[in-house]
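Reader: I am new to this structure. Please take a close look at the surroundings of the ligand, then go on to a few places elsewhere in the chain.

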Amino acid sequence: MSENSNNYLNFLNKQQRKAVENTFGATLILAGAGSGKTRVLTFKLLHLLVKKLASPNQILAVTFTNKAAAEMKSRVSNMLNFPIDKMWIGTFHSLSLKILKSHYEKVGLKKNFIIIDADDQLKLIKKICEIEKIDTKEVSAKYYQIAIDRLKNKGISYKELKPNKYRQNDEELIKIYKIYQEELLRINCADFGDLILFCIKLFKKDEEILKKYQKLFKFILVDEYQDINLIQQRWLEYLYGGNKNICCVGDDDQSIYSWRGADVSNLLNFDKNFSKPLIIRLEQNYRSTKNILESASTLIEKNKGRYGKRLWSENKEGEKIIINGFWETKEEATFVTDKIENLISNKTPLSEIAILFRVAAHTRSFEERLISIGLSYKIIGGFRFYERKEIKDMIAYLRLVNNQSDDLAFERIINVPKRGIGKTTLNKFNLIARKKNISLFDAAREFISITNTKTNNEIFNFVQNILNWKKIKEKFDHIELSKVILEDSKYLQYLEKEEKNLKTPESLSRIDNINEFLESLKDFENLDGFLEHVGLVMENITNTSNETISLMTMHGSKGLEFDYIFLAGWEEGVFPSQKSIEESGNKGLEEERRLAYVALTRAKQKVFITYVNQNRYSYASHDYNMPSRFINELPKELIELNDSSYLADNNFLDEFIKLENISDDLITPGRKRLLKKQKEEIDWDINQDIDAYSNLNEGDRVFHQKFGYGRILYIEGDKAEVDFEKGSIKKIFIKFLKVNP
Ligand code: ATP
Ligand code: MG
């Protein structure tokens, strides 16, 4: 499509055009996915410039990411054929920074102030806790960091904070918040939350400055409006106050950041916050095939409390949504990469293919597979599996056990988790090591033999642990070894504490990553094999080209589009996430459903959904996974389901919900397990020969639907370890074995 500055309005439909041409006053475009909201904003920007209603620096455009801002800038600049570097297009944070750079002294900052990132934030808070003697064993420094961020998202300063006896550690929090804020100013720094808060402070305090910006910004444009938080809304209201021209686009069905303070009520209260808005709905979807659109719309209709809209499309019918169930994750990854190879051989560009995950840890088996078949990929908005902090930590432990001269590994983990062995002590080790030409590990041993400091005990324990683990490595396999390390080093405990205290997506995903890590070890015969593999994988990581497949979380996929979308891990508990439902009940479930809607609507041509029946972390629990309830919420006639595992019945979840006649929204995990057990018992009665069950003996030849024939090695409770003739040994529920067929 060639879009130039003269005929751009022809590239819009009637409603879009109305939205673009309604330049003055408040406009809200409330519309579903792929209906051209972002396109309207871009064209509106262009329109304002072409019609000379504003000069480039008089338009303020707020987007969700800096990448989206760059995209918008380049599209407008291409259409206009002139550079527009000076434009105010960016995220709330980057635009706030731009404002503050001219007025830093008004909020107590000095010239060249620095923005600190989350790591530095945490360091500062830790230091404050130390100095103030605030115990961080039970409630960690990280907890305070998150709590302060959340308060800032709501625009609450420490002065306004009153201790609440129902909230944990409020007095400490207020104290830390206050000192933290004073310290930031003292060292001439601001954190991300401050950027927006300081702007608001500035606007409140200095009417002249506020007026200047209100006058400057003739027009304000906002993308992804459904996901802005309270403080961002205030920020907009201040700047809108002058010319009163604002155009926001959003979709209540795509609000997926409530855990970060996003408040969809901003969207619902638009007419209260901005005067006499024109509300426009866009109903035509240009992105997806009819089938994809219909499926996503049917799914989202299950949510209550939505504006309610139905999109239509002139696009072709398209193919059905392909849903595949597998027994284990490896098969899932192989299936997806096989399909991708097919697409590529049919000339689909890699950049039109994306795999989306609910849980970041689940990229691992896909990454392994992509690497092994030599397809390049990138992870959008996150780290590759083996680059994640907790994985690198665990690998460092294993490397040091494997080779005590590995100084890099030693340095990485000597104080992780905290053992009070800081930089000073490490420097001393370094001196000894250099002088005697020995490893840091040996230097540490030397150190405790010649000194008597209060950390000696910790160092001794660490050294002892490494030596013990070395012995374990000789007797047991690398999986056992890793589990012992996780326990003895207190690393797992440290992650669990973080998870309990923080409940952020990062802290929650760390344990998932560790579980996935243990799972990955199973692919190798021994530690050497594993470490060698990691070395190779890391090497491959630095070697990527531009043309790649994209892997990302569903959250990270907002606003993007691809021809082919693979949605992996659609299992109950994973998606919808058990944690969201446990913590926020029906609200949590509805947010998960919106996430499913976002995920499905990223696709232009075709969607593949996969799930795995075997529990992903089978050593942790003997449960089976059920296919996600969202699969059942898709229109049956628009999906094609292929399940190569047991739970081949598409209506399985429906049936088992009906079984107890309760609403599917209300199933707690405990309840679910109970139901599942009942269902298994019913299955058992129907399908199995009771006598065969009780008559099974060690040594019996049995048949398993998936693994074929084998012989029982031993029986333990309701499970048997079976040596299958195809060459694998597996623990299987007895009820799934047929005796002596
Ligand atoms: P999301 O809710 O996912 O952010 P959106 O509403 O912002 O979606 P866009 O990304 O703006 O939708 O548009 C979706 C796709 O449809 C884009 O490829 C866009 O170029 C195309 N599109 C939108 N409107 C039109 C139109 N009038 N004619 C042709 N293509 C269009
Ligand atoms: Mg968009």
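Author: A residue is near a molecule if one of its heavy atoms lies within 4 Å of it. The model is predicted, so local features need pLDDT of at least 70 and side-chain atom pairs pLDDT 80 or more, while totals for chains, interfaces and linings use all residues. Residues are numbered from 1 along each chain, chains are lettered from A and ligands numbered from 1 as written, and side-chain values use heavy atoms, without hydrogens or water.

Around ligand 1 there are 19 residues, and those that come nearest are Lys 37, Thr 38, Gln 254, Glu 561 and Arg 602. By class, this shell has four nonpolar, nine polar and six charged residues (Asp, Glu, Lys and Arg count as charged; Ala, Val, Leu, Ile, Met, Phe, Trp, Tyr, Cys and Pro as nonpolar; the others as polar). Helix H2, residues 37–50, contributes three residues to the shell around ligand 1, the most of any element (helices are DSSP runs of at least four residues, strands of at least two).

Some individual atom pairs can be named. The side chain of Lys 37 has an N or O atom 2.6 Å from an oxygen atom of ligand 1. An oxygen atom of ligand 1 also lies 3.2 Å from a polar backbone atom of Ser 35. At Phe 11, a polar backbone atom is 3.3 Å from a nitrogen atom of ligand 1. On its own, ligand 1 has 640 Å² of accessible area, and the protein covers 83% of this (Shrake-Rupley method, 1.4 Å probe).

Lys 604 sits in strand S14, residues 603–612. Leaving aside residues up to four places away in sequence, Lys 604 touches Arg 287, Ser 288, Thr 289, Ile 292, Glu 352, Glu 561, Phe 562 and Asp 563 (heavy atoms within 4.5 Å). With Glu 352, Lys 604 makes a side-chain polar contact of 3.5 Å (N or O atoms within 3.5 Å, one able to donate a hydrogen and the other to accept it).

Some backbone details remain. Most residues other than glycine have a negative phi, and most peptide bonds are trans. Asn 188 is not a glycine, yet its phi is positive, about 60°; Asn 188 is in the loop between helix H7 (170–186) and strand S5 (189–190). Val 416 and Pro 417 are joined by a cis peptide bond with omega about -5°, and Pro 417 belongs to the loop between helix H17 (407–413) and helix H18 (423–436). The bond from Phe 575 to Pro 576 is cis too, with omega near 5°. Pro 576 is found in the loop between strand S13 (562–567) and helix H25 (578–600).
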